[in-house]
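Keep the picture open while you read.

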Amino acid sequence: MVKAMDQTDLLRELDQVVAGELNRHEKVAKEWFPHDYVPWSQGRSFDGLMGGDQWSESDSEISDIARSALIVNLLTEDNLPSYHHEIATIFGRDRAWGEWVHRWTAEEGRHAMAMRDYMLVTRMADPVELERFRMKHMSSGYELAHSGELLSSLAYVSFQELATRVSHRNTGKVTKDPMCERLLSRIAADENLHMIFYRNLMNAALQISPDQAVAAIVDVVKNFEMPGTGIPGFQRKAVQMAVEGIYDLRQHKDEVLDPVLRFWKVFELEGLSAEGEAARTELADFMAGLEKQALRFEDRRDMLRARMAPH
Ligand SMILES: [Fe+2]
Ligand SMILES: [Fe+2]
């Protein structure tokens, strides 16, 4: 392998790309206001200090699975301070990198705000349980699997922003609440722009240091985990969400991994070293295995649905 570039060199090499991407991002990102999406007049006080009504499951018509998905997505957004810490540590606070860190954080800050307002005003979730979950989740913090490593982190966030987009959009659909769906689509549109930013940056890194970038991508694809793993009951909720088609293996492969790998032309890149080629072969094998797993998952889900369908 050609001598690996160190992180400082990579940051410097990518500086101009970040500046350009930031500029492009600011032109395409539309201003929006969280309060616009919340039906405030539907709200009423809860018990306790305000002497209102205690929350009850029957306050909202949404299904259990929609409630679970909303909670997972909201808690994931809630952990923003940890994400900020992770990217600020890697990208730094200087120049365009720092500008992006703060701009991105500001945009992400809206997501939990708007979702929580919506869910509490419409009584979609138990406010006490939600707050306890938030405390638990945030208290354990979040660390990227490749904390401190620029290329792996860029690869990870490229996939993760897109995964969040898919999850928000599909969660919106299962609520069967048109305004909630609109809010989650609005948030999903932000996530998509974040994905584009990171994806383009990683694309530049692939030109600058292809072997290193490919190795990082392979590692991230093989070990990908959503950032919500610390949420109480996450595994069970993630399974429910997969069965419901909010975020499943098929979507993970076809709507998240495949399009980003295609954009990076990972399988067409030329000039890789022998190690780079080996890593790429490993990726191809992994993706083929994932396709088999996705097919198996779909079969099992079809059987489950057939069994659960009313006769
Ligand atoms: Fe977000
Ligand atoms: Fe995002």
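Which are the buried residues of helix α9 (residues 234-243)? They are Phe234, Lys237, Met241 and Ala242, where buried means under 20% relative accessible area, exposed over 50% and partly exposed in between (1.4 Å probe, protein chains only). Helices are DSSP runs (H or I, at least four residues), numbered from the N terminus.

A word on how to read this: the model is predicted, so local features need pLDDT of at least 70 and side-chain atom pairs count only at pLDDT 80 or more, while totals for chains, interfaces and linings use all residues. Residues are numbered from 1 along each chain as its sequence is written, chains are lettered from A and ligands numbered from 1 in the order in which they are written, and side-chain values use heavy atoms, with hydrogens and water left out.

**Helix α9**

Looking down the axis of α9, you find its buried residues within an arc of 140 degrees, so they line one face of the helix; the arc is that of the directions from the helix axis to the C-beta atoms. On the face turned away from this buried side sit the exposed residues Gln235, Arg236 and Val239. The cover over the buried residues of α9 includes α2, α5 (127-139), α6 and α11 (274-308), with contact meaning heavy atoms within 4.5 Å. After α9 comes Gly245, whose phi is positive, near 80 degrees.

**The iron site**

Now turn to the iron ion (ligand 1). Its donors, which are N, O and S atoms within 2.8 Å of the metal (3.2 Å for Na, K and Ca), come from Glu77, Glu108, His111 and Glu191, at 2.0 to 2.4 Å. Water is not among the atoms, so sites may look incomplete. Glu108 also bridges to the iron ion (ligand 2), and the two ions lie 3.9 Å apart. Distant parts of the chain are linked here: His111 and Glu191 are 80 residues apart.

| Residue | Helix | Relative accessibility |
|---|---|---|
| His111 | α4 (residues 95-121) | 0% |
| Glu191 | α7 (residues 178-208) | 1% |

Because of these values, His111 counts as buried, and Glu191 counts as buried too.

**The cavity**

A cavity is a set of points, on a 1 Å grid over the protein atoms alone, where a 1.4 Å probe fits but cannot get out. The largest cavity holds about 200 Å³ of space, a volume being the space filled by probe spheres set on the points. Its lining has 17 residues (an atom within 4 Å of a point), and the closest to its centre are Tyr83, Trp104, Gln160, Glu161 and Pro227. Helix α6 (150-175) gives the most to this lining, with 5 residues.

Terms used: Helix = DSSP H or I, 4+ residues; strand = E, 2+ residues; numbered from the N terminus. 1 Å grid on protein atoms, 1.4 Å probe; cavity = no way out; pocket = protein on both sides within 12 Å on 5 of 7 lines; lining within 4 Å.
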